[in-house]
Structures are given as structure tokens and as C-alpha cells.
Amino acid sequence: MAYPSSSSSQPLANPVSIISSHFCAPYPIDLAIIRNVLTISDGSFVVTDINGNIVFKVKGAFLSVHDRRLLLDGAGNPIVTLKQKLMSAHDRWQVFKGDSTDSSDLLFSAKRSSMFQLKTKLDVFLANNTKEEVCDFKVKGSWLERSCVVYAGESSTIVAQMHKKHTVESILIGKDKFMVAVYPNIDYASVVALIVILDGINKEDSSGSGGDFDFLGGIN
């Protein structure tokens with residue numbers, strides 16, 4: 001993927017480790033998110049590198065009281081647990097270490113910037129940002145078009161971008177595939193976790209409660 005030539009695309013100088021420094025690379029990381037849309041979706045999909053090797057797996061767990069998903073590595077080991085917070089006005093999701101949901105293992109949380117929005121806008125807060133006066137990351141764009149950008153805080157510094165991947169294969173076999181370009185020194189596992197959250201919020205809105213998130217719930 002070609003990066004913008006503006007100054008906002010300059011990579012961050014120091015690694016930004018949110019889940020683990022293991023997922024911070026000094027070069028751009030391109031990932032493919034693949035999900036079968038011809039079956040009833042349970043929030044499960046796979047994440048591969050540009051060579052088709054499975055890097056992450058996402059598994060949904062919808063039999064529990066609240067929406068919960070697991071981000072696994074290619075070998076099936078849990079990296080983080082994502083859980084929707086009940087009775088949350090802005091659809092807040094929380095991300096915990098491994099398979100834990102204990103508050104002491106909270107890594108970060110994300111919520112809609114506002115309750116009613118026509119475009120995708122999420123505010124992301126790291127666990128140590130308890131006041132939440134300024135977000136640590138922000139997601140903007142269109143989930144419907146699979147076109148979203150992740151920014152560092154309230155700045156114009158881009159840390160990741162996603163875009164739809166249209167291929168003959170995806171049309172013929174009904175696979176929802178889109179690409180994610182993660183900038184150097186950014187924890188790419190945390191970017192994938194944000195995509196899982198976007199997908200989860202989309203599921204909530206499949207009943208037509210409003211905004212850019214509605215469309216895909218109707219085809220899953």
C-alpha cells in the first residue's frame with residue numbers, strides 16, 4: 001500500500017508497545033483480514049501476512065452474557081480478550097491481556113466518540129489514561145467502505161490504515177477481505193484488536209440503530 005506523502009504519515013520514532021513489543025516492527029506491516037460472509041458470522045476471521053501465512057485468528061464467544069472475543073496468534077495461543085462493557089452509553093469495549101478479563105490486566109479500551117454518528121469515530125484510551133480527557137488513539141473513516149485511519153491521539157499522525165480488497169476470488173467465494181497497513185514501530189496486534197472492536201460494534205448496529213456501522217450486519 002502506498003503511504004501518503006504528507007508530513008502526517010511520518011512514522012513514530014520510538015516503538016509504541018501496547019500489547020507487546022513483540023508486535024512492533026521497525027518497518028511497515030501489511031496484513032489481510034479475511035472473513036467468510038456467506039455463513040452466519042460469529043465474529044471469527046483470520047489475519048494473514050502478505051504471503052498468506054496466518055498471523056492471528058479471531059474467535060467469537062457469543063454464548064456468554066456479553067459479547068466477548070479472543071485474539072489468538074497463529075498457533076492458537078490467546079493474546080488478548082476483548083469484551084463489550086455492559087450498560088455502556090458509547091459502546092465501550094475493553095481489551096485485556098491473554099484470556100483474562102480482570103481489571104488488573106486491562107490494556108486499553110475503545111468507545112464511540114459520540115452516540116450518534118454517520119461516520120466511524122472511535123476514541124481509544126490506554127489503561128493508565130484513567131481521566132480520559134484526551135484519547136491516546138483515534139479511529140476515523142467509514143467501516144461500511146472498510147476505509148478507516150488510526151491516528152495517534154488528537155494529532156494528524158497516522159499509525160495505521162485499512163482499505164477494502166476487491167478480488168475475483170472474494171466475489172466468487174463470498175469472502176470479506178480488506179487490507180491493513182500498519183506503520184513502523186506501531187503494535188500491529190493492537191491495531192487488529194481495534195478492527196475486532198469495529199466489527200463488534202457493527203454487529204450491535206445490524207438492527208438498524210444508525211450510522212455508518214449498519215450495512216454489514218445485514219449480510220453476515
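These are my notebook entries on a predicted model of one protein chain.

**Ground rules**

I number residues from 1 along each chain as its sequence is written. Since this is a predicted model, local features need pLDDT of at least 70 and side-chain atom pairs count only at pLDDT 80 or more, while totals for chains, interfaces and linings use all residues; side-chain values use heavy atoms, with hydrogens and water left out.

**Overall layout**

I began with the secondary structure and got two helices and 12 strands. Helices here are DSSP runs of H or I with at least four residues, strands are runs of E with at least two, and both are numbered from the N terminus. Read from the N terminus, the order is β-β-β-β-β-β-β-β-β-β-β-α-β-α.

Next I looked up burial. Of the 220 residues, 48% are buried (under 20% relative accessible area; exposed is over 50%, partly exposed is in between, with a 1.4 Å probe and protein chains only). The accessible surface of the chain is about 10600 Å², and carbon and sulfur atoms hold 55% of that (Shrake-Rupley method, 1.4 Å probe; for residues, only the protein chains shown count as cover).

I also checked the contacts (heavy atoms within 4.5 Å). Taking those between residues at least 6 apart in sequence, 41% join residues at least 24 apart.

**Aromatic rings**

How many aromatic pairs does the structure hold? I get three. My rule: rings of Phe, Tyr and Trp (its six-membered ring) pair if their centres lie within 6.5 Å, and planes under 30 degrees apart are stacked, over 60 edge-to-face, the rest tilted.

One of them is F23 with F56: the ring centres are 5.6 Å apart and the planes stand at 55°, so I log the pair as tilted. F23 sits in the segment before β1 (29-36) and F56 in strand β3 (residues 54-61), so this pair ties together parts 33 residues apart in sequence. Both F23 and F56 are buried, and F56 has a relative accessible area of 1%.

F56 also pairs with Y188, again tilted, at 6.0 Å centre to centre and 55° between the planes. That pair links strand β3 to helix α2 (residues 188-204), 132 residues apart. Y188 has 13% relative accessibility, so I count Y188 as buried.

K140 lies over the face of Y151, 5.8 Å from the ring centre.

**K138**

K138 belongs to strand β9 (residues 137-142). Is K138 buried or exposed? Its relative accessibility is 10%, so it goes down as buried. Leaving aside residues up to four places away in sequence, K138 touches several others, including S113, L122 and Y151.

**S100**

I found S100 in the loop between β6 (93-97) and β7 (106-112). S100 has 16% relative accessibility, so I mark S100 as buried. Its side chain makes a polar contact of 2.7 Å with that of D105. Not counting residues up to four places away in sequence, S100 touches T81 and D105.

**Cysteines**

I counted zero disulfides (cysteine sulfur atoms within 2.5 Å). C24 is buried at 17% relative accessibility, and C135 is buried at 5%.

Note on methods. A charge sits over a ring if NZ of Lys or CZ of Arg is within 6 Å of the ring centre and within 35 degrees of the ring normal. A polar contact is a pair of N or O atoms within 3.5 Å; within protein, one must be able to donate a hydrogen and the other to accept it, and residues adjacent in sequence count only if both atoms are side-chain atoms.
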